[in-house]
Amino acid sequence: MEELLAEVVNVLVVVVEACGAAVIIVGAVWAFARFVWVGVRHRTTAAFVPVRLTLGRFLALGLEFQLASDVLRTAVAPSWEELGQLAAVAAIRTALNYFLSKEIAEERRQIADEQDQVDVTSHDRHGGTV
Amino acid sequence: MSVLAEVTRVAALGAGAAALVAGALALAVTRRPLPALAVLLDMLLAAGLLRLLGEPDWPAILTAATLVALRRLLSAALRSGVRARTAAAVQEKSAL
């Protein structure tokens, strides 16, 4: 019974990890294509920020899957060495997920502020001519 | 080695190479090192996360931890730079 549970958990871990890997790979490919596009077409620093934001979202989603697989793995972690590595990886992923969420919120706020400034400036310009 | 481990190993290598290309492109386009470094680190982070899949060894774990710390440090530096520039622009505007 215990062996069957371990087998099922191992299969689940692989499936969940594969989902996380797929999300990260798709995000990285998409971001690379966008970075090249933005670099060739727009050629401004600000144009890179939304792409980084979206890549951050992809990475955060991939991390959620990886954390889920970490939780599953705790069901079957036989040695202290493996448990230590699992704890270190889970700590890195949790910290990264936390910082990524904060960065995404901060950069979204920054983009909204910049948009507001642009709106106010264009409004002032139009107001001045009328 | 399992299929998943092989796929993620190749994908991590590809993401690392893509990080170098994207970082170099960002540096060439913007001519500012910090945004280019941010692009490089973001893509390298994707590669690091792919390397953490499966059963990573301690060097892979340490590399990922260093990348996360570097990325955090750099984004703080970038944000403080943006804030300083915004404050300077506001001061300049109010002086006019």
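**Note on the two-chain model**

1. The largest nonpolar core holds 47 residues; Ile24(A), Ala15(B), Met43(B), Ala46(B) and Leu50(B) touch the most other members. Bear in mind that this is a predicted model. The largest share, twelve residues, comes from α2(B).

2. Leaving out residues up to four places away in sequence, Met43(B) touches Ala28(A), Ala31(A) and Phe32(A) in chain A. In chain B, Met43(B) touches Ala15(B), Ala18(B), Ala19(B) and Ala22(B).

3. Next, the interface. Contacts link 31 residues of chain A with 31 residues of chain B. On the chain A side, α1 (2–41), α2 (48–73) and α3 (80–129) each give two or more residues. α1(A) gives the most, with 13 residues. By class, this side of chain A has 20 nonpolar, six polar and five charged residues.

4. The axes of α1(A) and α2(A) come within 8 Å and cross at roughly 170 degrees. An angle over 145 degrees counts as roughly antiparallel, so α1(A) is roughly antiparallel to α2(A). The contact between α1(A) and α2(A) has 20 nonpolar, six polar and three charged residues.

5. On annotation: an unreviewed UniProt entry lists residues 12–33 of chain A as "transmembrane region". In the model, that span is 100% helix and 0% strand. The end C-alpha atoms of residues 12–33 lie 32 Å apart.

Key
Residues are numbered from 1 along each chain as its sequence is written. Chains are lettered from A and ligands numbered from 1 in the order in which they are written. This is a predicted model: local features need pLDDT of at least 70, side-chain atom pairs count only at pLDDT 80 or more; totals for chains, interfaces and linings use all residues. UniProt positions are given in the numbering used here, feature names are shortened, and annotations may be inferred rather than shown by experiment. Helices (H or I, at least four residues) and strands (E, at least two) are DSSP runs, numbered from the N terminus. Two residues are in contact if their C-beta atoms, placed from the backbone, lie within 7 Å. Ala, Val, Leu, Ile, Met, Phe, Trp, Tyr, Cys and Pro count as nonpolar, Asp, Glu, Lys and Arg as charged, and the others, Gly among them, as polar. Axes are lines fitted to C-alpha atoms, for helices over the stretch in contact, and angles run from 0 to 180 degrees between N-to-C directions. Angles under 35 degrees count as roughly parallel, over 145 as roughly antiparallel, 65 to 115 as roughly perpendicular and the rest as oblique. A nonpolar core is a set of buried Ala, Val, Leu, Ile, Met, Phe, Trp, Tyr and Cys residues joined through C-beta atoms within 7 Å. A residue is buried if 20 or more other C-beta atoms lie within 10 Å of its own, exposed if 12 or fewer, and partly exposed in between; C-beta atoms are placed from the backbone.
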